[in-house]
Amino acid sequence: PRKATYNMLLSACVHAPQPRVEEAFEIFEEMQANDNVSLDKTTFTLLIDTACKAGKPEMAFEAFAKMRESGVEVEVATLNRLIHAAGLNAKHDETSVQASLELYEAMKRLNVTPDVITYGSIISTCAKARDAATAVKMYKEMLANGIEPNRILFNVLISALGRADRRDDALKYFAILKEKA
């Protein structure tokens, strides 16, 4: 089998009605054992996506660790997936928000430029954790970095404010959204 064959199998694991994360990691292990197959960013992206869709962020981080060990270049899309994974099981606590912020800082250390998806994923995690202060801080940092918010980002920001019982602030950002539309 070639790399493309293995990656198609991994893709099937991602798109199965019930994502097959264990099977994906078994396929990955077989790939690693095959000296004729080189691992690439697609391989790791598929592993991370399978773990995220299966609701197993710890396995997404395991795949990322393997990616780093293999020397494959880390891109913004990969880190965005991990930030999303960090927020998958967010509850009313700071753990998931802190993990997202640590990934955001790692992104900057790796000289990977955050995008609107990065900020949207962090703000979404803040919404789940009812952390409106961090959500607003990230929104302002995004603007300071010259990144324009889209409707999705405004929706998650408004959700974060609403869940934190900050109705007046939510209405303020809704008014900003209406101005931009």
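Select aspartate 165 to begin. Aspartate 165 sits in the loop between helix H9 (151–163) and helix H10 (167–180). Helices here are DSSP runs of H or I with at least four residues, numbered from the N terminus. The model is predicted: local features need pLDDT of at least 70, side-chain atom pairs count only at pLDDT 80 or more, and totals for chains, interfaces and linings use all residues. Residues are numbered from 1 along each chain as its sequence is written, and side-chain values use heavy atoms, with hydrogens and water left out.

Check the backbone of aspartate 165. Its phi is positive, about 60°, although the residue is not a glycine. Most residues other than glycine have a negative phi. Aspartate 165 has a relative accessible area of 70%, so it is exposed. Exposed means over 50% relative accessible area, buried under 20%, and partly exposed in between (1.4 Å probe, protein chains only).

Next, select asparagine 111. Look in the loop between helix H6 (95–109) and helix H7 (116–129). Asparagine 111 also has a positive phi of about 60° without being a glycine. It counts as exposed because its relative accessibility is 70%.

Now go to aspartate 131, in the loop between H7 and helix H8 (132–144). Aspartate 131 is buried but has no salt bridge. A salt bridge needs a side-chain nitrogen of Lys or Arg within 4 Å of a carboxyl oxygen of Asp or Glu. Lys and Arg count as positive, Asp and Glu as negative; His and the chain ends are not counted. Beyond four places in sequence, aspartate 131 contacts Glu94, Val97 and Cys126. Contact means heavy atoms within 4.5 Å.

Move to leucine 153 in helix H9. Its relative accessibility is 1%, so leucine 153 counts as buried. Contacts of leucine 153 beyond four places in sequence include Tyr119, Ile123 and Tyr139.

Stay with leucine 157. Beyond four places in sequence, leucine 157 contacts Ile123, Ala135, Val136, Tyr139 and Tyr173.

Finish at helix H5, residues 76–87. Its twelve residues reach 17 Å from first C-alpha to last, close to the 16 Å expected at 1.5 Å a residue. That expected span is 1.5 Å times one less than the number of residues. The buried residues of H5 pack against helix H3 (41–53), helix H4 (57–70), H6 and H7.

Notes
Helix = DSSP H or I, 4+ residues; strand = E, 2+ residues; numbered from the N terminus.
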